[in-house]
Amino acid sequence: MKTLSLFALEIIPGYDLSQAAWGLDWIVLGVIVLIAGGVFSYVFFAGWQRMTADERATFKSKRTIFKSIKDKKERKAFVAQQSNPVKTLWRWKKARVFVYPVVALLSVVALVATPILYSYGDVIFATLFYRDDLVVNETTKLAAQEATENVITIEREAIVLLKNEDNILPLDIDGDEKNVNIFGMNAYGIFYGNGGSGEFATDYTYDRGTAKERVVKCTKFEDAVIEEGFEINPYLHRLCQNYASSNRSTNYSIAESSYNIHSGISTFSGDRYLGVSRRWYPYDNEPGVAAYTKTYSELGNKSLIEYSRDYSDVAIFMISRFGTESTEMTEAQLKLMANERAVLNLLTEHFDKIILLLNTPGPVYLDEVEDFGIKAVVHVGHPGLTGTTAIAEMLSGKVNPSGRTVDTWPIDFRRNPTYETFGTMSTRFTGAKTYPFSNYYEGIYVGYRYFTTRAIVDENYHYHDEVYYSFGHGLSYTTFNPVLVRNEVNHNTGIVKAIVSVENTGPVKGKYVIELYSTPPYYHGGIEKAAFNLIAYQKTNELEPGVTETYELTFKLRDLASWDTYEGCYNLERGDYTISVKENAWDMAVDNKGNKPNFFTFNIADDIFYRTSYQTGVEYQNLFEDVEYGGNEEKLTYLSRADFEGTYTTNAQVNKVWYNHIEVNNNSDILRNRVYQDNQVPEELRIPASDYGVVLDEPITLHDMKYAEADDPRWDDFLSQLSIDDAKNLIAGGNFTTPRIDSIQKPVSSEGDGPCSCYNSVTGHPSSTMLASTWWNEAALLYGRSCTKEGAARGMVGWYAPGLNIHRSPYGGRNFEYYSEDPLITGNMGGYTARGGLEYGIYSFAKHYGLNEQDINRNGLNVFCTEQSIREIYLRGYEIYTDLGGLGMMTAFSSMGTTWAGASEALCNKLLRGEWGFKGSVITDYNNDTMPCDAGLRAGNDEWLIPGLRSAGNLIKAVNDTPNDMRYYMRVACKNILYSLAHSNAAWDDEDFIDAGTENPRSP
């Protein structure tokens, strides 16, 4: 039971008076009292105490006279006639009317500001007095230049040709399509990246001195198009320049202008990176139709639309949207804005060749685009600093697009089963309480798994009435003939192979993506199974016309198994399994020459239960029953293919799922103030205080532990050298770094945030969604190498990336930071990115682990979900990432059920380390009062990001209250953190850096 006392009061929500922050407040209050007391004492002793009895009598009798004098000069003269002690008190009496309120106000401000500055002071200071201490030299500049080329390479592979009727693309740059019209503000102020942790500089100065040497700089779209050899209509550009510089004045002008348009993440002031510019947000920044229909003297009194039609019959228009953390996309943002709609309508009246470029995080509404009859639609996404070059090359045909969609593009986003339980449209609260929650009612039926399965089993549901572009869709400038040559199913080894040949049957060279899907048997009311599941994929080499190459796609039988909650393990159920080569999640790939579908079927005679982990041999068990059960008194009803109509979630059902008596573990008055009894750790595991701060005869340094395995016997002695303070600082002293520890010769190490760059001032790469759109694991490897080579040269050791959450909903504001609605794509892209980073000694922290698919109300969001979908969909990507060597995880703001992710032992220890065999470190997201050290350390969360002072105070209290337990848990956490560091460039010497192709930024 919680003891009631003055110190349990929360003057500021989340800060009771027992916290260290308020301890400082007593000091501040004492200082104020001393100052106020000093002033009062001075006045009292200088005035009243110094008066004679006659003077005191005079003071009292003449005060009435003094108050009656209205004229200021007469008052001043009257006061001047009095003795000095009387003057002092009279003046104090007058001044205190103002002094008392001011002192009271300052006291309140100081009392409130102290705990806030205590917790956030380091962040506020860093924001106000920005420093970039990362190393800058010739090596970093060369790495940056190399990265800009890599950005172009990745974007070339990522561009998705959604639609190309009448072969509008590519343009005949050597003929009559050399001249092009680029309409609209967005094309001239393209979003290169996104907001929040996805931000990066687009025109940044490395040198903070007087010399302004531009090293990292964006390639504007119009410049890329001109560089490719096109001519652009200059008057359209001038219109937008003048429109922007005049703050969208309707006095449209096409006079020559040098204004540099910035519509998003491209604005900088001096040396300070400003992030997202809101000037042109949100998006509806197009000049009105009148700008194009009015006549201009510069055009011989022609209208701009008439001149443009004479200039070229090609019109390029770009729609731009961007995402950022702490918010979601809205219905309005995903549709055409009013001016965009009006201009597109105008273009359709004057041009036959309209190319629509989608500079968006992912799917947007295309119903109006279809109504306009636009024939060419291309998803270029957010291309990074220089990816616009690849877009221009795609227009000319130098690049043949080979990207594929990584999400389903629905016709109506509201008919997605996640709609009622996502983000701004759906997050519910717990009745009279204020804790947000979200239920993943759709179960495993996320994205294409829902749309295809329902279309298969529900005769009233028609796929093409629901979907514009399928998951895995992508066109090319050439044609291909994929043929399933043969297959091998080895029941002894558990290996399945599909050998597929691909012939380029078209006129130009290009790449093809082989997509392999499984169709498992389904038993009515049994384990949920989607009709199609991506099981393997392979991007071909660039094939010349007429060339055929053969590829072997391999997977394991156990990859086909489903989580059986009744058995508490994976179950490969008896029945027929079909493996098919498909053009996308819906359309079968057909052998165009033999006119045969590409699939094979094999039978599993009896259920095969996989009861132990393939990584560690640990026995499987249900770990998330509390997460699946939900906040109601009865189990939640999840979507089932046995009755899609009857189990489809409605608004009314969502509102019924919570009762006020349910304990919410991440509630600040429960988790943060939870009292732990000491000695919960078994006696044989306890570590005495004397085993901290040991001085060895032969010290063991971090460099000595380079690449040491987790079971290396040196770890005990190595860790014993840490003092208690060393351990505290390592665990709670994050702030995008790990601290220096002299006892083990560990240097300070920098950790950078952002999935698209290793730090926001280095080269910005295409968004994670675009990387996934390559469907090419080698691109992810290149991505990781490219980001981290530059980062390592500048002193980086850790990287808060990649983002492995699932695109659960097209409304996800942070979808750009994640890869796909599919876990296989997600895990491979994240895992290979991390593997590329390790080549330069940078370990990654995959985020946000787990069930953090939305950002609205993410802080403490209580998420309920089936164990099957947790394992098969939402955490499968993290498992693949771990299998591929990932060394870090970042826990989420949100909760698994009602337990903060970092305090979930099932998530951080039993699943991550127990089943998957993860050996690295687990860090919090930007921590706050819902992420206490004592609860997190006990569950397997090792490190706290920022603000460090608050974390340190919480850890100190935990060590004081439960010293025997905390000495053990801190030792475990320190080993995990230092294991990652020992496998990073923090343990490297000069030769290691040279071997990696760079230089040691820590060398003198």
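A helix here is a DSSP run of H or I at least four residues long, and helices are numbered from the N terminus. With that in hand, let's look around this predicted model.

Start with T388, which sits in helix α13 (residues 388-396). Is T388 buried or exposed? Its relative accessibility is 0%, and buried means under 20%, so T388 counts as buried. And what does T388 touch, leaving aside its neighbours within four places in sequence? The contacts are I190, Y192, T219, K220, F221, A224 and P383.

Now for a pair of helices. Two packed helices are described by the angle between their axes and the distance between the axes. For α25 (residues 867-874) and α26 (residues 876-883), the angle is about 45° and the axes are 5 Å apart. That angle makes α25 oblique to α26. On the α25 side, the contact is made by I870, R871, E872, I873 and Y874, while α26 brings R876, G877 and Y878.

Both helices turn up again at the second largest pocket: α25 and α26 each give two or more residues to its lining, as do β22 (533-539), β23 (548-556), α23 (777-793) and α24 (823-838). The volume of this pocket is about 1200 Å³. Of its 46 lining residues, I535, D559, L824, R876 and I880 are the closest to the centre. β22 gives the most to the lining, with 7 residues.

Here is how the residues divide by class in the two places:

Definitions and conventions:
Residues numbered from 1 in each chain as written. Predicted model: local features only at pLDDT ≥ 70, side-chain atom pairs only at ≥ 80, totals over all residues. Heavy atoms only, no water. Axes fitted to C-alpha atoms, helices over the stretch in contact; angles between N-to-C directions. Parallel < 35°, antiparallel > 145°, perpendicular 65-115°, else oblique. Contact = heavy atoms within 4.5 Å. 1 Å grid on protein atoms, 1.4 Å probe; cavity = no way out; pocket = protein on both sides within 12 Å on 5 of 7 lines; lining within 4 Å. Points joined across faces, edges and corners; volume = space filled by probe spheres on them. Buried < 20%, exposed > 50% of the residue type's maximum accessible area, 1.4 Å probe, protein only.
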